[in-house]
Amino acid sequence: MIALEDCIFCKVVRGELPSDKVLETDNLVAFRDIRPQAPVHVLLIPKKHIASIQDVTPEDKELMGDLILAAQKVANDLDISSSGYRIVSNVGHHGQQTVPHLHYHLLGGRQLQWPPG
Ligand code: AMP
Ligand code: ZN
């Protein structure tokens, strides 16, 4: 557990850390990853602090749907919807999650490989 005031993505939400935002709504933010792994690499986060997918509750159902619809909009806006893309959310140690605030990676703009490492 980390204090919310120390969470870097909560800081992005509050504007205390600079970010390259591509979309913002009442309940979520999408911004470019600081270390992009593909030509398009956007992170989609809820404004509400949720540690990971594992911490989602039934009250977050609508929010989770909004994140997916936002990913679809960003894919359209950044012109990768026809070529295709990948949405990933790393969870915990084996998932190699490094920031404990739920986020979807939206990756595209090049041919991605499968399976991941
Ligand atoms: P994960 O390893 O799945 O938890 O993903 C965390 C992602 O956040 C990594 O891809 C980092 O490059 C990215 N990241 C960390 N800090 C920032 C930041 N201040 N702005 C944008 N992306 C960040
Ligand atoms: Zn947070």
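# Salt bridges and fold, term by term

Me: What makes Asp60 and Lys48 a salt bridge?

Reply: The closest N and O atoms of Asp60 and Lys48 are 2.5 Å apart. A salt bridge is a side-chain nitrogen of Lys or Arg within 4 Å of a carboxyl oxygen of Asp or Glu, so the pair qualifies. Asp60 and Lys48 both lie in the loop between β3 and α2, so the pair ties together parts that are 12 residues apart in sequence.

Me: What kind of model is this, and how are residues and atoms treated?

Reply: This is a predicted model, in which local features need pLDDT of at least 70 and side-chain atom pairs count only at pLDDT 80 or more, while totals for chains, interfaces and linings use all residues. Residues are numbered from 1 along each chain as its sequence is written, chains are lettered from A and ligands numbered from 1 in the order in which they are written, and side-chain values use heavy atoms, with hydrogens and water left out.

Me: Which other residue forms a salt bridge with Lys48?

Reply: Glu59 does, with the closest N and O atoms 3.0 Å apart. Both Lys48 and Glu59 sit in the loop between β3 and α2, 11 residues apart. Glu59 has a relative accessible area of 65%, so it is exposed.

Me: How many salt bridges does the rule give?

Reply: The count comes to 7. Glu24 and Lys47 form one of them, their closest N and O atoms being 2.9 Å apart. Glu24 is in strand β1 (residues 21-24) and Lys47 is in the loop between β3 (40-46) and α2 (61-77), so this pair ties together parts that are 23 residues apart in sequence. Glu24, at 40% relative accessibility, counts as partly exposed, and Lys47, at 25%, is also partly exposed.

Me: How do you know what the elements of the chain are, and in what order do they run?

Reply: Helices (H or I, at least four residues) and strands (E, at least two) are DSSP runs, numbered from the N terminus. On that basis the protein chain has 2 helices and 5 strands. The order from the N terminus is α-β-β-β-α-β-β.

Me: Why does the radius of gyration agree with that of a compact globule?

Reply: The radius is taken over C-alpha atoms, and the globule rule is 2.2 Å times the number of residues to the power 0.38. For 117 residues a compact globule would have a radius near 13 Å, and the protein chain has 14 Å, which agrees. The C-alpha atoms fill a box of roughly 40 × 30 × 30 Å along the principal axes. Buried residues make up 35% of the 117 residues.

Me: Where is Ala51, and which residues is Ala51 in contact with, leaving aside its neighbours within four places in sequence?

Reply: Ala51 is found in the loop between β3 and α2. Contact means heavy atoms within 4.5 Å, and Ala51 is in contact with Gln97, Pro100, His101 and Leu102 once those neighbours are left aside. At 27% relative accessibility, Ala51 counts as partly exposed. For the protein chain, residues 24 or more positions apart account for 54% of the contacts with a separation of 6 or more.

How values were computed:
Buried means under 20% relative accessible area, exposed over 50%, partly exposed in between (1.4 Å probe, protein chains only).
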